[in-house]
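Reader: Hi! I'm new to this one, could you walk me through it?

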Amino acid sequence: MIAQIKEWGNSQGLRLNKHILSDAGISVGDNVGVEATAGVITISQVKSPGKKISLQELVDQIPEEYDPTELGWGEPLGKEEW
């Protein structure tokens, strides 16, 4: 398939035939990885990371024995007030 880069607003875009996307296992709305190396642009399918984790679920995973410590930031370097 030969395609042409087109202007879309302030961006450039490339339209792909639905058969090309189907053969790659990519659907409209899917996220894809785009890489460019030595004049070649590669578009690849990105697997979904799965279920999104809420902040509360992450906090619930903190071990009971976790003891956060305060870190020192060093002396002021400019006109900062501590």
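Author: Happy to; we'll go through a surface patch, a loop residue and a pocket.
Author: This is a predicted model, where local features need pLDDT of at least 70, side-chain atom pairs count only at pLDDT 80 or more, and totals for chains, interfaces and linings use all residues. Residues are numbered from 1 along each chain as its sequence is written, and side-chain values use heavy atoms, with hydrogens and water left out.

Reader: Which strands each supply at least two residues of it?
Author: Those are β3 (32-37) and β4 (40-45).

Reader: And where does M1 lie?
Author: M1 sits in the segment before β1 (6-8). M1 counts as exposed because its relative accessibility is 61%, and exposed means over 50% relative accessible area.

Reader: New topic: what's the phi of A38?
Author: Near 50 degrees, a positive value in a residue other than glycine. Most residues other than glycine have a negative phi. A38 is in the loop between β3 and β4, and A38 is exposed, with a relative accessible area of 79%.

Reader: Nice. What volume does the largest pocket have?
Author: About 280 Å³.

Reader: Which residues line it?
Author: L14, L16, L21, I26, S27, V28, G29, D30, V32, V34 and I43 line the largest pocket.

Reader: How does that lining split by class?
Author: The lining of the largest pocket has 8 nonpolar, 2 polar and 1 charged residues.

How values were computed
Helices (H or I, at least four residues) and strands (E, at least two) are DSSP runs, numbered from the N terminus. Buried means under 20% relative accessible area, exposed over 50%, partly exposed in between (1.4 Å probe, protein chains only). On a 1 Å grid over the protein atoms alone, a cavity is a set of points where a 1.4 Å probe fits but cannot get out, and a pocket is an open set with protein on both sides within 12 Å along at least five of seven lines; lining residues have an atom within 4 Å of a point. Grid points are joined across faces, edges and corners, and a volume is the space filled by probe spheres set on the points. Ala, Val, Leu, Ile, Met, Phe, Trp, Tyr, Cys and Pro count as nonpolar, Asp, Glu, Lys and Arg as charged, and the others, Gly among them, as polar.
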